[in-house]
Amino acid sequence: MAGKKYKAAAAMIDSTKTYPYAEAVALAKKTSCTTFDSSVEASFSLNVDPKQADQNIRGAMVLPNGTGRSQRVLVITQGPKVEEAKNAGADYVGGQDMLDQIKNGWFDFDIIVATPDMMGQLGRLGKLLGPKGLMPNPKTGTVTMNVAQAIEEIKKGKVEYRVDKDGNVNVLIGKCSFSDEALAQNFKALYDQLTKVRPQTVKGIYMKGVTVSTTMGPGVKVTIE
């Protein structure tokens with residue numbers, strides 16, 4: 001059963017219409033039902049088949065205004081790259097010692113950046129990291145020799161986007177404490193990026209539906225340009 005707050009919020013939205021994106025994010029903010037600073041998420045329903053390699057959309061980008069969420073970065077590397085990672089602001093840095101900690105159930109981090117030479121050892125923890133979405137991937141820039149740049153981008157507000165098995169992409173675009181303009185800019189940047197990576201093999205409609213919503217708040221349908 002939906003609570004009174006949710007019902008009152010949902011009543012402010014016309015479920016039969018779509019809203020221009022700037023209006024949609026402002027309305028999503030206005031209809032947030034929580035007492036805390038809710039996250040704002042954009043959801044895209046795409047006409048893709050993730051089982052086809054060329055339609056399995058995945059990547060990363062830095063949002064113009066960040067996400068409002070601080071990310072704890074673990075860097076798995078060795079040699080001179082250890083110092084580079086520390087100087088760039090990584091929260092945790094190490095090699096086998098860190099992998100052993102993960103093996104023993106340590107997960108006090110949000111994202112892993114790894115240098116290619118460590119992927120062999122890291123790969124053995126695939127069963128632990130994979131289901132949590134923590135395995136680094138070259139497509140998202142988290143397997144790289146340029147660890148300083150990777151850390152900087154993550155700290156600035158880098159987000160990953162990845163299509164799920166049903167063809168949906170859900171991405172955090174900020175917090176309710178953001179200005180309407182900042183959220184609109186983040187949404188537009190993400191929208192443009194997903195448009196840019198449209199697979200050539202997709203025929204007809206690409207974006208079937210786009211919605212923005214806040215944590216536990218109702219969804220607002222966005223007009224597809």
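Which residue forms a salt bridge with Lys-158? Glu-153 does, and the closest N and O atoms of the two are 3.4 Å apart; a salt bridge here is a side-chain nitrogen of Lys or Arg within 4 Å of a carboxyl oxygen of Asp or Glu. The model is predicted: local features need pLDDT of at least 70, side-chain atom pairs count only at pLDDT 80 or more, and totals for chains, interfaces and linings use all residues. Residues are numbered from 1 along each chain as its sequence is written, and side-chain values use heavy atoms, with hydrogens and water left out.

**Domains**
- The assignment, from an automatic or database source, gives domain 1 (15-66 + 158-222) and domain 2 (73-156).
- Between the C-alpha centres of domain 1 and domain 2 there are 27 Å.

**Interface area**
- About 790 Å² is buried between domain 1 and domain 2, with 47% of it on carbon and sulfur atoms; buried area is the accessible area (1.4 Å probe) that two parts lose on being put together, summed over both.
- Of the area that domain 1 buries against domain 2, 67% comes from Arg-58, Lys-158 and Glu-160, more than from any other three residues.

**Contacts**
- Ten residues of domain 2 are in contact (heavy atoms within 4.5 Å) with eight residues of domain 1.
- One salt bridge is counted between domain 1 and domain 2.

**The side of domain 1 that touches domain 2**
- Its residues divide into two nonpolar, three polar and three charged, where Ala, Val, Leu, Ile, Met, Phe, Trp, Tyr, Cys and Pro count as nonpolar, Asp, Glu, Lys and Arg as charged, and the others, Gly among them, as polar.
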